[in-house]
Amino acid sequence: MSTATTTEVVSRTGEVLKPKKHKGRILGSVVIALGIAFILVYCLAPFYWMIVSALRRPSEGRSTELIPSPISVENFIAVFDPSNHFARALLNSLIVAGSTTLLVLVLGVFGAYALARLDFRGKVLVMFLIVATSMFPVVTLVVPLLKLFSGGFVWFPFNWINTYQAMILPTISFALPLAVWNLNAFFRQLPVELEQAAMIDGTTRFGAFRRVILPLAAPGVFTTAIITFIAAWNEFLIALTMVNAPLMQTANVAISKFTGISQFDTPYGTKMAAGVIVTVPLIIMVLIFQRRIIGGLAAGSVK
Amino acid sequence: MFNSTSRPLASRRTVLAAGGVTTAAAALAACSGGSSDGGGGGGDAPAADFEERGPITLAKGKDTTGKLAEFLETWNSEHPDEEVTLIELPESSDEQRRQMINNAQAKSDAYTVLGLDVVWTAEFAANQWVVELPQDKFPLDDLIPATVTTATYFDKLYGVPFITNAELLFSRTDLLEQAGLDGPPETFEEMYAAIETLQKEDPDLLGFGSQYSKYEGLTVQAAGLVASAGGELFDAEGKPHADSAEALTGIQTVRDGFDKGFIPQEALTYKEEESRAAYQDGRLAFLQNWPYVWALGQAEDGSSSVNGKMVASLVPGFDGPGSSTLGGLNLGVSAFAKNKGTAVDFISFMVDAVQQKEWGLATAQAPANVGVYEDADMLEAFPFLPQLKEAIDNGASRPAVVQYGEVTQAIQEAVYACFSGETDAEPAMKDLQTKLTELTAQ
Amino acid sequence: MTSTAARSATIGGRRGKRIGGDHGRMAYLLLLPTLVLLALVVGFPLVLSAWQSLMQSGQGIDPATGLIIKGDTFVGLDNYIDAVTGTGAGAGFWNAFWNTTLFTVVGVSIETVLGVAMALIMAKAMRATGLVRASILIPWAIPTVVSALMWQLIFDANGIANRLLDYQVLWTTEGWQAKAAVLIADIWKTAPYIGLLTLAGLQTIDKQVYEAATVDGANRWQTFWRITLPLVRPVLVVAVLFRLLDAMRMFDLPYVLLGTLDSGQTLSMLATDAAAKTNFGAASAYSMVLFAYICLVAFLFIKLLGADVIGDQNRPPRKRRVPRRLRTTSEGSMP
């Protein structure tokens, strides 16, 4: 019954009907402004609390003053205490998260292309197998992986403890299923006809994919990259277990080792400060990349 | 490409069992004695090689002061061929424990000397994750006997006490005066009476607080309360007595405190720091906590409203002062590590009076070495030291059972249910007794 | 016009037009690295764990030495039976099961609604895009171990949450308030995740589709249900699916926020806890049960909502799929 209605909407595109009323427009923009305000408060209010908690003196960690007085940067200085090797830890995080993201994108784009555009037996099974690897609790994977990477099995004669690859490989595996599925969903949204047109023009399949589909799917690829990067940046358990050398640890692991003034003291201040330090550059970086990458892809795309 | 020999901490050519995790029973080379077939048993713990020397690691939660790095520097300059590398574990002790167990399960030799919480001794020993230590190689006579007990399992030594700890009662001189007392209360009765007097004048005053949140600290409270009342949760044979009259008295007294408002409801969220904050803000009249509170409470930077008014004494008891549960850290040696000879020497170095005094002064943690408690510098730095020594000597141990994880969870469930008013003390402790009996029957 | 027509054809099923060539081999070649890696890092440990779940570690304590007699015993399904009947080492299983279910169902539902709402707003926000995009990343970007601590501070008995409420809720004690605390912290962190993915989905929708709808006189509500939602659905389904998988495995947040409180215990925590108590068999059994539970939920979810995401193996004739799709589309618009 209502089928008719919908078909109407989609198919009767050519007809010109009267423009919308103005009242709706104004109401609409008020709703959007309120919505934006809501998003900002929602996202930033707890983060504000994180920042002020970091700006208190370490001895006043539990204060509930809305603006710390006196404002103190002691916690931020403490984060970069030489014994924490925090700058090095940030670099390690960047290396691990960066390589993870690159590799996930490459593997994910390959896999998703195969699933979205190629026709082969067992596709559903493969897709389910891939997603199934995201269904097992990571905490249970840790001990076998530790044994594997410390040379505990004869068929894997490497000792990877305190190496980047011991952190990167598992992290890739945790991020890949989402990347493959997500990119697959984006590629499928785009009409095959576009590629076919390019191929008729004499481009190879990959040329068509790279120059037609990839630019059009850019928002999807970029979001997948952000999500992968953040997930890798925030990975903790594997990084903690596979690495015990201070110079190889990631920022999250370094944060977990911060101590307060005593063994019972959770160092809220320094941990909040470190939280701010690891989050803000990430956001800035994402914003810069967003302009560059999306801009670049759009420029290089087909006309 | 991934050359294992190029990694400094890599376990070169480590002989590890092939095959599945589960079938790798008794695969460690050192473990040839005793545990072969289930029937016989009775053998001694496997003998470890305490002659092997070389570089080792120390796995421990991070040091708050930088003192440990100094110790390692001293040691390493004197023993260039037997360097000790520090592996910092996360700050949370659950996380430390998880890392150690993971490494033991993977039979990794990454950790040599382990910083073990006093309550892990039985479990780590029984699982043979740490080796029995030769008693004659350590200055055990210099260490407080109660602390050595925490490192002992089935009359064998599995660790050497490095630091210890006992809780104290912190009162406020101004409030004591106001309540008409000339010294800190010794019993719950005296303390509750004082709170009643004080609350008549200031109804907002919260009274007494200790760590009643549902976590390990609650077991610390329970074991201390039961010991203060003259009972024990487990006897020397390992039999539970959670429903004894003494245990009931101990638990019921705190429950009464909650019921009558002498202990605030928010104390159910108290861990060490939450309770310290409440005391330092001047909201709590009495606080039971570890000695670290002293220095922070006396701070003069405006963060503490009780500075200059603090007085420390033994925790409240029933007929007189009560006992506190012992905390602390023992140093053990991983069963899977190499160079156990170096490990033994290094542990002796760490518990030597020189290091122990320096450690105490730098970190304000209670050393395990007896001599340090008589030291003039220490007494000057920590005026409550005599009380602390007394508290440690009278300290109660938490149950030394293999299934400590299950036991402490059962204790926390029962005591929390009672303190939060969900069940009464008697059924809660009866139930606990049944559970503990079941758990230790195996 | 052409684009819209092309798109509706795409939605309906672009199957039938092939790019041609020897697909099978190339597809597997492209997927091979992914599959090998997943087999090594997840598959292999999973098999070990499945085996371990049939075992009991240790054979009791030697009464003379106090040492655990080593060796694993094959106990068949005992660990699973303990879990399901809630006895022995399995005590706490059902509590953890229901907590996991509650956190997943309530958490993911609210996250989805909030996330989609955020995406719709952001898609319309012309000027403030940069600011909004940056701020929406923040909850998701703060490491969980840090944000859980932040919430611990906020939910302290004398913390800012209670100060704003002007009432002392003891958030970190047993009860509903503890579950609420976990949910609030989890939703805060992950609604932006759904928002981000949905926004990306919205951005790939052709503007002309909207123009067409506006011209047809559809109001905003109709446009959302009949056009936006169906078009963004494949992406949204994937986002929600992966949120489901993560929510069901939730671990760090309740662990840091509530410690061992029963009110926050999830199946992942139970497995960790069992391993920490050296009940490795039970720990593996919990993990396997959780794995099976997640498989089931994911399967049903994909079956019900995401058939077109997973592939068109069955190749339904084009004529039949178009009406089906349209029916789904308009169902939402009925009151």
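**View 1. C:Thr278 lies in the loop between H12 and helix H13 (280–305) of chain C.** Helices here are DSSP runs (H or I) of at least four residues, and strands are runs (E) of at least two, numbered from the N terminus. C:Thr278 is not a glycine, yet its phi is positive, at about 60°. Most residues other than glycine have a negative phi. C:Thr278 counts as buried because 23 C-beta neighbours sit inside 10 Å; the cut-offs are 20 or more other C-beta atoms within 10 Å for buried, 12 or fewer for exposed, and partly exposed in between, with C-beta atoms placed from the backbone. This is a predicted model in which local features need pLDDT of at least 70 and side-chain atom pairs count only at pLDDT 80 or more, while totals for chains, interfaces and linings use all residues. Residues are numbered from 1 along each chain as its sequence is written, with chains lettered from A and ligands numbered from 1 in the order in which they are written.

**View 2. Helix H4 (residues 93–124) of chain C packs with helix H12 (residues 267–276) of chain C.** Their axes are 8 Å apart at an angle of about 145°; axes are lines fitted to C-alpha atoms over the stretch in contact, and angles run from 0 to 180 degrees between N-to-C directions. From H4(C), the contact uses C:Phe93, C:Ala96, C:Phe97 and C:Thr100, and from H12(C) it uses C:Leu267, C:Met269 and C:Leu270. Residues are in contact if their C-beta atoms, placed from the backbone, lie within 7 Å.

**View 3. B:Asn339 sits in the loop between strand E11 (326–333) and helix H11 (340–351) of chain B.** Its phi is near 60°, positive in a residue other than glycine. B:Asn339 is buried because 23 other C-beta atoms lie within 10 Å.

**View 4. B:Ile347 touches B:Val113, B:Phe138, B:Val160 and B:Leu331.** Residues up to four places away in sequence are not counted here. B:Ile347 is also among the residues with the most contacts inside the largest nonpolar core, alongside B:Ile251 and C:Tyr286. That core has 330 residues; a nonpolar core is a set of buried Ala, Val, Leu, Ile, Met, Phe, Trp, Tyr and Cys residues joined through C-beta atoms within 7 Å. Helix H7 (residues 164–189) of chain A gives the largest share of this core, 16 residues.

**View 5. The peptide bond from A:Ser69 to A:Pro70 is cis.** Omega is near 0°. Look for A:Pro70 in the loop between helix H2 (22–54) and helix H3 (74–79) of chain A.

How values were computed. Contact = placed C-beta atoms within 7 Å.
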